Amino acid sequence: MSTTQHHDALASLAAGADLPAAQQPVWPDAARLSSAVAELASYPPLVFAGECDVLKSRMAAAARGEAFVLQGGDCAETFAAATADNIRDRVKTILQMAAVLTYGASVPVVKVGRMAGQYAKPRSSGDETREGVTLPAYRGDMVNDFEFTLESRTPDPQRLVKAYHASSATLNLVRAFTMGGFADLRHVHDWNRGFVSNSANSRYERLAKDIDKAMKFMSACGADFDAMRTTEFFSAHEALLLDYERPLTRVDSRTGELYDTSGHFIWVGERTRDIDGAHVDFVSKVLNPIGVKLSAKAEVDDVLRLIDKVDPDREPGRLTFITRMGARTVRDALPTLVEKITGSGAQVTWICDPMHGNTFESASGYKTRDFEDVVEEVRGFFEVHQGLGTVPGGIHVELTGNDVTECIGGAEKILDADLTKRYETVCDPRLNHQQSLELAFLVAEMLSKD
């Protein structure tokens with residue numbers, strides 16, 4: 001690759017810097033921001049272009065119905081929670097869910113952690129007022145601190161650098177877990193046995209026993225269990241803060257193309273998918289597999305223009321639509337989108353986010369979600385695709401490996417009164433470990449009926 005090609009690629013990226021960019025913090029010190037961005041640009045990539053290409057091929061398989069995608073992890077990661085135990089428990093939860101989904105779907109499950117970069121959050125308002133005091137809104141640990149003081153809430157560009165190091169440490173541990181025997185399918189199945197032995201989850205016992213029989217059958221046939229000791233695991237986050245994503249975008253030495261090396265899969269949110277905005281311009285120029293969140297308000301014409309901009313070559317695996325419609329809206333809002341987009345010839349991967357359209361404030365004042373609504377949206381998503389003969393490609397879930405009490409319902413019957421016990425999220429309510437596994441068993445039942 002020539003120096004000219006290298007400069008041309010980076011110049012095309014810089015050209016988007018003048019476009020309007022929604023949801024960006026107001027950094028108080030331009031010199032400190034420049035210094036932080038230069039520091040990020042000097043660091044090694046967090047992921048490699050070749051890994052992004054592998055994930056793209058996996059997403060293409062999911063679009064054809066030859067794989068199923070599980071994206072899961074924190075709503076907003078925090079630096080304080082980037083501990084070995086928390087990372088392990090989140091990875092463990094995703095591995096457990098994937099084992100059950102693999103059996104239900106009878107295809108490989110592509111495991112994508114919503115982690116190692118999910119440190120920034122869009123907000124409906126730039127400010128927050130409490131008891132007459134107005135301060136900048138908390139935009140995630142990559143920008144400022146959750147504590148409600150002027151010092152904590154003032155955006156600090158050095159936090160961009162801290163987010164890089166926290167993401168690096170997280171990926172390092174995830175790679176060790178998934179390649180070092182922790183992900184062994186036999187261990188994962190043992191953990192799931194423990195889940196169904198709880199009387200509240202006894203309805204899933206039959207499915208667990210079926211998986212048990214399949215494992216014994218493979219063993220009796222002399223199946224290569226060495227191949228089941230390790231697993232692929234990809235990282236994903238919303239590409240929200242362009243002052244973080246741009247300096248981590250690199251020119252691939254093999255091809256001269258741009259890749260955002262902050263994560264394998266990046267997505268653009270409902271609030272930042274403006275066709276003429278900086279975020280869509282940015283994702284159109286990098287070769288990572290790209291996701292776009294779509295709510296019930298998404299207009300077909302806007303989405304078709306978006307496809308032309310981000311996936312002009314109609315490359316399978318390039319573009320994923322993550323639909324977040326709401327349990328009561330999904331059956332009405334989704335069919336037209338799927339029908340028109342499929343009719344346009346675009347080969348996109350369809351993933352259901354059953355979390356973001358189902359948030360409400362409980363009587364006790366907590367932001368929560370009802371587990372039944374989450375399940376109902378997934379059910380509606382499957383029904384729509386079944387009716388149209390299209391492929392339901394995966395699910396996207398906000399979850400934690402811890403036993404928090406943030407979403408009501410589930411077999412454990414978490415009530416509004418229980419939310420106060422362990423409500424730990426700094427942003428949106430997450431499914432806890434038990435609810436996540438229950439969702440996996442329910443989705444496996446839906447998949448096996450297909």
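How many bridges pair strand E1 (residues 68-73) with E2 in the parallel sense? I counted six. Two strands pair if DSSP finds at least two bridges between them.

Ground rules for myself: this is a predicted model, so local features need pLDDT of at least 70 and side-chain atom pairs count only at pLDDT 80 or more, while totals for chains, interfaces and linings use all residues. Residues are numbered from 1 along each chain as its sequence is written, and side-chain values use heavy atoms, with hydrogens and water left out.

Then I followed the strands around: E1-E2-E5-E8-E9-E10-E11-E14 form a closed barrel of eight strands with parallel pairing. Neighbouring strands of this sheet are turned by 25° against each other on average, direction ignored. For angles, axes are lines fitted to C-alpha atoms (for helices, over the stretch in contact), and values run from 0 to 180 degrees between N-to-C directions.

On one side, strand E5 (residues 234-238) pairs with E8 in the parallel sense over three bridges, and Ala236 has Phe265 as its bridge partner. E8 also runs parallel to E9, joined by three bridges, with Trp267 opposite Gly291.

Are the residues on the two faces of E8 buried or exposed? Phe265 and Trp267 on one side, and Ile266 and Val268 on the other, are all buried. Buried means under 20% relative accessible area, exposed over 50%, and partly exposed in between (1.4 Å probe, protein chains only).

Ser106 has a positive phi near 60° though it isn't glycine. I found Ser106 in the loop between helix H4 (84-105) and strand E2 (109-114), and it counts as exposed because its relative accessibility is 63%. Glu131, also not a glycine, has a positive phi near 50°. Glu131 sits in the loop between strands E3 (127-130) and E4 (133-136) and is exposed at 84%.

**Pockets**

On a 1 Å grid over the protein atoms alone, a pocket is an open set of points where a 1.4 Å probe fits, with protein on both sides within 12 Å along at least five of seven lines; lining residues have an atom within 4 Å of a point. Grid points are joined across faces, edges and corners, and a volume is the space filled by probe spheres set on the points.

The largest pocket is about 820 Å³. Its 36 lining residues include Arg123 and Asp428, two of those nearest its centre. E3 gives the largest share of that lining, three residues. By class I noted nine nonpolar, 10 polar and 17 charged residues. Ala, Val, Leu, Ile, Met, Phe, Trp, Tyr, Cys and Pro count as nonpolar, Asp, Glu, Lys and Arg as charged, and the others, Gly among them, as polar.

The second largest pocket holds about 600 Å³. Its lining has 20 nonpolar, five polar and four charged residues, and H4 gives the largest share, five residues.

How values were computed:
Helix = DSSP H or I, 4+ residues; strand = E, 2+ residues; numbered from the N terminus.
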